[in-house]
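Open the model in your viewer and colour it by secondary structure.

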Amino acid sequence: MPRVLLLFPRLNNFVFFGVYEPLVLEILSAIAKEESCEVELIDLREHPLPFFDEIASNRWMPSRNPEAIRWQQTIGRFDGFIFVVAEYNHSITSALKNALDQSYKEWNRKPFTAIGYGGVGAARAIEHLRQIAIELQMVSTHASVNIGGGDYMAVHPMFGKKPIEDIEANLLPATKTALDDLAWWARATMAARAAEAA
Ligand SMILES: Cc1cc2nc3c(=O)[nH]c(=O)nc-3n(C[C@H](O)[C@H](O)[C@H](O)COP(=O)(O)O)c2cc1C
């Protein structure tokens, strides 16, 4: 059964994702049951990584920082990833980039999808994430979840203040497609990695 990590790279208080989190977890756990995958949530604050301070990535030499090593071990336990993406200056946040940089081998030949939010549903940041992931030898799902413009403002706790359930119907189809896609790639790459290791 594929094990999927939902990575929640809290940078600040995640004002928006804070309200969306219970709904996303409910939707994801229902879909994961249908897809026979296990989804585990990790808040990056459980992994207090320094800014990258190694000589090279662990593609070339073992890392020295104990937190980096613990992070690599965590990533190594999973077969696929769902990144929660807030858009900062049209890219991913520095917290997510640092978390990606701190591991190499453990990301390789594994799939990911993304749940983004912001002006254009973090679409620009997710495209950037896809470019970064090529170097990490990951495979991106075609689909992603983009909570954009109107929906984002409608339920934002500082602006529209509407209940999150108001946008649930808009999110469900994209979340289902993204997770279907992720589960397919997770099973395919797990089988391929196992065949290669045999
Ligand atoms: C430095 C900075 C840059 C930002 N750049 C963008 C951006 O390029 N596009 C966008 O849609 N939102 C941008 N935002 C808004 C954040 O995506 C927004 O505040 C988001 O809701 C942060 O997540 P949170 O509300 O869960 O804390 C930016 C915010 C900050 C602080």
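In what order do the elements of the chain run from the N terminus on? They run β-α-β-α-β-α-β-α-β-β-α-α. That makes 6 helices and 6 strands. Keep in mind that this is a predicted model.

**Whole chain.** Zoom out. The radius of gyration is 17 Å, close to the 16 Å that the globule rule gives for 198 residues, so the chain is as compact as a globular protein of that length. Along its principal axes, the C-alpha trace spans about 50 × 35 × 25 Å. Buried residues make up 35% of the 198 residues. Of the contacts with a separation of 6 or more, 81% link residues 24 or more positions apart.

**Strand β1.** Select residues 3-8. Here 5 of the 6 residues are buried, so β1 is largely enclosed by the rest of the structure.

Pick Leu6: its bridge partner in β2 is Leu41.

Next, show strand β3, residues 80-86. β3 also runs parallel to β1, with 4 bridges between them. Pick Val4, whose bridge partner in β3 is Gly80.

**The core.** In soluble globular proteins, nonpolar side chains tend to be buried together. Which residues have the most contacts inside the largest nonpolar core? They are Val4, Phe83 and Val85, in a core of 46 residues.

Finish on Phe83. Leaving out residues up to four places away in sequence, Phe83 touches Leu7, Leu96, Phe112, Ala114 and Leu129. Show those side chains together.

Technical notes
Residues numbered from 1 in each chain as written. Predicted model: local features only at pLDDT ≥ 70, side-chain atom pairs only at ≥ 80, totals over all residues. Core = buried A, V, L, I, M, F, W, Y, C linked by C-beta atoms within 7 Å. Buried ≥ 20, exposed ≤ 12 C-beta atoms within 10 Å, placed from the backbone. Contact = placed C-beta atoms within 7 Å. Helix = DSSP H or I, 4+ residues; strand = E, 2+ residues; numbered from the N terminus. Rg over C-alpha atoms; globule rule 2.2 N^0.38 Å. Pairing = 2+ DSSP bridges.
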